[in-house]
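The following exercises ask the reader to work through selected features of a protein model. Each task is followed by a solution in steps.

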Amino acid sequence: MKSEGRESGDFKRETRPSKSKLSNSAMFQANNHQLPTDAKPLSVEESSPSMEIDKNDRSIVLRDEMHNGGFSQAQSIIYGSKKLQDDLRMMGMKIQQHEDNIKFLKTQRNKLDESILGMQVILGKYHASSTSKIENEDHSTHQSEDDTNQQIILYEKSAAGILCQLKTRHGTQAYHLLMTRDVLGIVATLGKVDDDNLSRLFSEYLGLDTMLAIVCKTFEGVKALEVYEKEGNINKGSGLHGLGASIGRALEGRFRVICLENLRPYCGEFVADDPQRRLDLLKPKLPNGECPPGFLGFAVNMIKVDGANLFCVTTSGHGLRETLFYNLFSCLQVYKTREDMLCALPFINDGAVSLDGGMVRNTGDFSLGDR
């Protein structure tokens, strides 16, 4: 039994785990229990490289997306800016086109105004003040050439009076004499104005001596009108002096003679398609491009010249308007009223007259008082 017990005891000893085995088993069990916990950090260590790759990939993608997005945004900004520039350019072109159209229309309007003004000048449709109209009641009819000649004849002892007396008696043959064949006429008879008020204004502006001046074509004709002796005295038996004595009208005092070939003619352009060959003078213009209020035109263009004297009066081929009347009036301006004329003084260089009697002979030279 003992032996059995020993054996069983031995058996028990043999079957009872030893301390070292127990500790090994416990360690094994402990190890078995720690494996999951040890595996966890291992799995983390094993997965970290892939996660870093994923992070890198994601950052690259984000970088690429940001880069591509920024590039596309820059492209859109550049495109938008270019479109705005194109729109501004188109708008500028349209504005320029409208401005050109406005300038063209203003030019056309000015041309129409000038055309209307020219027609008014030709037709003599001027509107003077009520005072001027009252003064004009006794002069409602235009003076004929015969009436003008009769008025000139009243100046009996003048050279113009002698020539007009000769013409009245002998007609056109009076200008076929040796001393008078180069005489074209008297200033007062060589041009007409269709408005009585303007006619008196221009006559007053020129003055009596100029209105009675004799007009010759050449200097040879001027010399034929007056002959001198060796001592320099006038030969009273020759020229106009002798002619006056022969008809009982002795010539006294001085008389004015204008030689056309010695005048400096107007060298500018003429109004296109104008049968009267009016001069294309530069009109006074305000800063806005319009003529001063009340401006009617130039006196030289308001004179009506006989068709025979419009062309080739001089040997150089010039007519009376660009020679005689341009030298007498130059760029004399005509205005409706004194007020209009005085307001336009900065634009007046060669004098001006107004329909109500105002007169500026030159810059700073005013004629005041009543006519």
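**Exercise 1.** Determine which residues Asp-182 contacts, leaving aside its neighbours within four places in sequence.

*Solution.* Step 1: contact means heavy atoms within 4.5 Å. With that criterion, and with neighbours within four places set aside, Asp-182 is in contact with Val-215, Cys-216, Lys-217, Thr-218 and Gly-221. This is a predicted model, in which local features need pLDDT of at least 70 and side-chain atom pairs count only at pLDDT 80 or more, while totals for chains, interfaces and linings use all residues. Residues are numbered from 1 along each chain as its sequence is written, and side-chain values use heavy atoms, with hydrogens and water left out.

Step 1: locate the residue. Asp-182 is found in the loop between α5 (159-170) and β1; helices (H or I, at least four residues) and strands (E, at least two) are DSSP runs, numbered from the N terminus.

Step 2: Asp-182 is buried but has no salt bridge, and the nearest side chain of opposite charge, that of Lys-217, is 5.5 Å away. Here buried means under 20% relative accessible area, exposed over 50%, and partly exposed in between (1.4 Å probe, protein chains only). A salt bridge is a side-chain nitrogen of Lys or Arg within 4 Å of a carboxyl oxygen of Asp or Glu; Lys and Arg count as positive, Asp and Glu as negative, and His and the chain ends are not counted. The Asp-182 side chain does make a polar contact with the side chain of Thr-218, at 2.3 Å. A polar contact is a pair of N or O atoms within 3.5 Å; within protein, one must be able to donate a hydrogen and the other to accept it, and residues adjacent in sequence count only if both atoms are side-chain atoms.

**Exercise 2.** State in what order three strands form an open sheet, and which are the edge strands.

*Solution.* Step 1: the order is β1-β3-β4, with mixed pairing. Two strands pair if DSSP finds at least two bridges between them.

Step 1: β1 (183-186) and β4 are the edge strands, each pairing on one side only. From one strand to the next, the twist averages 25°; axes are lines fitted to C-alpha atoms, for helices over the stretch in contact, and angles run from 0 to 180 degrees between N-to-C directions.

Step 2: strand β3 (residues 214-216) runs parallel to β4, joined to it by three bridges. Within this pair, Cys-216 stands opposite Cys-259 in β4.

**Exercise 3.** Decide whether Thr-314 is buried or exposed, and identify its side-chain partners.

*Solution.* Step 1: Thr-314 counts as buried because its relative accessibility is 8%. Its place is in the loop between β6 (304-305) and α12.

Step 1: the Thr-314 side chain makes a polar contact with the side chain of Ser-316 (3.0 Å), and it reaches the backbone nitrogen of His-318 at 3.1 Å.

Step 2: beyond its neighbours within four places in sequence, Thr-314 is in contact with Leu-260 and Thr-323. Thr-323 is one of the buried residues of α12, a helix (residues 321-329) in which seven of nine residues are buried.
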